[in-house]
Amino acid sequence: MIKFEHTVFALPFAFLGAILGSMSVEGTWPTIMEWIFITLAMVGARSAAMTLNRVIDANIDKKNPRTADRAIPAGEVSIAQSLLFIGGSFALLFIAAFSLNTLTVLMLPLFVFLLTFYSYTKRFTWLCHVFLGVTIAMAPVGAG
């Protein structure tokens, strides 16, 4: 249901944001623990976003022959199971953010809102790119 390679593809952007934020604020590279918590936060955020996307599009996917065999429309995974997974993914994101710094935790509600809203905006490509760009642009602030 979730393409792990998409998370791996997105990691360099998070790492670059961490490097830029850490170098500009502290003048040093992020620590090993910061790298670990950034990775965990990305896995939690991307997993929650991709699963939320599947939940939101379940009815559309069921009607589309190309996507009808996805886990939710095919009945392999229920909406309730997906929502539980989303909750766990957001919990992982919160724990990782809490382990990084206070600013990251304070910004978390905004990021969760953007992730959730992003799942709805994909029907409007230009709006989707705006929200994704804003979220990526905030990465150095969260890393600082």
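Throughout this tour, a residue is called buried when its relative accessible area is under 20%, exposed when it is over 50%, and partly exposed in between (1.4 Å probe, protein chains only). The model is predicted, so local features need pLDDT of at least 70 and side-chain atom pairs count only at pLDDT 80 or more, while totals for chains, interfaces and linings use all residues. Residues are numbered from 1 along each chain as its sequence is written, and side-chain values use heavy atoms, with hydrogens and water left out.

Of its 144 residues, 36% are buried.

Next select Asp-61 and Arg-70, which form a salt bridge whose closest N and O atoms are 3.3 Å apart; the term requires a side-chain nitrogen of Lys or Arg within 4 Å of a carboxyl oxygen of Asp or Glu. Asp-61 counts as buried because its relative accessibility is 4%, whereas Arg-70, at 24%, counts as partly exposed.

Then move to helix α2, residues 32-56, and pick out Met-33 within it. Met-33 has 46% relative accessibility and therefore counts as partly exposed.

Finally, display helix α1, residues 4-25, together with α2: the two pack at an angle of about 135°, their axes 10 Å apart, with axes being lines fitted to C-alpha atoms over the stretch in contact and angles running from 0 to 180 degrees between N-to-C directions.

How values were computed:
Helix = DSSP H or I, 4+ residues; strand = E, 2+ residues; numbered from the N terminus.
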